[in-house]
Amino acid sequence: ASLRGLSEYYTDDITELVIPYEYNGYPVSKVGYWWNYDGFEECEPFVKGKASLKKVILPDSITKMGAMLFNELEGLKEVRLSENCDLKPATFFGCSAIKEIKLPEITSSIPCQCFEGCASLRVLDLPVNVSTINSKAFSGCESLALYIPDSVTSIEKTGLEDLKKITIPPSSTYLKEALKEFDPYVSGVRMGYFATSEEVGNISAALDELHNYAVSLSGGEAE
């Protein structure tokens with residue numbers, strides 16, 4: 001079964017939404033999708049406009065979710081994602097109150113605009129299966145310090161826009177080179193520079209050079 005608007009599951013003042021494993025006797029495998037009159041599958045935010053909604057729980061029966069699923073749910077603070085579903089573009093776009101998101105291990109990429117506008121997001125661990133970070137994935141995530149695993153082999157130009165601190169494993173040659181190639185100025189923050197704390201020697205001077213933007217190796221002291 002595919003759940004679209006879920007109007008019967010929430011009221012105007014709902015604060016918590018738990019998606020069922022089954023709906024009308026069928027397992028729920030999709031959320032945010034619907035079939036239009038031409039027979040094509042489309043998607044839309046499935047709880048759009050619910051400022052009161054604070055928590056959403058998705059069952060592991062879900063294997064597919066539409067783009068923009070939690071689009072601009074400004075009051076959302078807690079989400080439990082299906083362990084069997086990958087992310088889609090703009091999944092958490094504009095969820096400005098959420099501070100922590102646990103991604104399923106199945107996650108293979110961070111789609112475009114996935115966390116754009118998540119200004120309060122502080123805790124987000126990228127699973128070891130993530131290989132791609134797409135454009136504007138973290139735009140506006142100014143509170144997030146992100147660790148990028150060495151499984152990542154592709155980052156689009158604005159994929160790390162607005163991040164104030166990035167940590168990478170010392171073994172990742174790709175990430176070292178990729179960070180050097182970014183546009184030197186993104187949202188007023190100087191990028192395109194990479195150094196370990198040992199190479200820099202004086203980390204304060206390095207931060208001045210980076211306009212308060214730090215890229216550190218795992219175990220480095222860049223703050």
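The sulfur of C118 lies 5.1 Å from the closest cysteine sulfur, that of C141, which is too far for a bond, a disulfide being a pair of cysteine sulfur atoms within 2.5 Å. By this rule the count of disulfides is zero. C95 is likewise in no disulfide, since the nearest cysteine sulfur, belonging to C118, is 5.3 Å away. C95 is buried at a relative accessible area of 0%, and C118 is also buried, with a relative accessibility of 0%; here buried means under 20% relative accessible area, exposed over 50%, and partly exposed in between, as computed with a 1.4 Å probe on protein chains only.

These values come from a predicted model, in which local features need pLDDT of at least 70 and side-chain atom pairs count only at pLDDT 80 or more, while totals for chains, interfaces and linings use all residues. Residues are numbered from 1 along each chain as its sequence is written, and side-chain values use heavy atoms, with hydrogens and water left out.

The aromatic residues come next. A pair of aromatic rings is described by the distance of the centres and the angle of the planes. Rings of Phe, Tyr and Trp (its six-membered ring) pair if their centres lie within 6.5 Å, and planes under 30 degrees apart count as stacked, over 60 as edge-to-face and the rest as tilted. The structure holds three such aromatic pairs. In one of them, F70 and F92 have ring centres 5.1 Å apart and planes at 25°, so the pair is stacked. Because F70 lies in the loop between strand 9 and strand 10, and F92 in the loop between strand 10 and strand 11, this pair ties together parts that are 22 residues apart in sequence; strands (E, at least two residues) and helices (H or I, at least four) are DSSP runs, numbered from the N terminus. F70 is buried at 0% relative accessibility, and F92 is buried with a relative accessible area of 0%.

The rings of F115 and F138 have their centres 5.7 Å apart and their planes at 5°, so this pair too is stacked. The pair links distant parts of the chain, with F115 in the loop between strand 12 (109-110) and strand 13 (123-124) and F138 in the loop between strand 14 (132-133) and strand 15 (145-147), 23 residues apart. F115 is buried, its relative accessible area being 0%, and F138 is buried with a value of 0%. Together, F70, F92, F115 and F138 form one aromatic cluster.

The strands themselves can now be considered. Strands of a sheet pair through backbone hydrogen bonds, either parallel or antiparallel, and two strands are taken as paired if DSSP finds at least two bridges between them. Three strands form an open sheet in the order 12-14-16, with parallel pairing. Strand 12 and strand 16 (154-155) stand at the edges, each with a single partner strand, so one side of each is left without a neighbour in the sheet. Strand 14 and strand 16 run parallel and are joined by two bridges, and T132 has S154 in strand 16 as its bridge partner.

Leaving aside residues up to four places away in sequence, G159 touches I133, N134, S135, K136, A137 and F138, contact meaning heavy atoms within 4.5 Å.

K136 also takes part in a salt bridge, its side chain meeting that of E161 at 3.2 Å, N to O; a salt bridge is a side-chain nitrogen of Lys or Arg within 4 Å of a carboxyl oxygen of Asp or Glu. E161 is buried at 9% relative accessible area, whereas K136 is partly exposed at 32%. By this rule the count comes to four salt bridges. Among them is that between the side chains of K55 and E78 (3.8 Å, N to O), which links K55 in strand 8 (residues 55-57) with E78 in strand 10, 23 residues apart. Another joins the side chains of R80 and D60 (2.6 Å, N to O).
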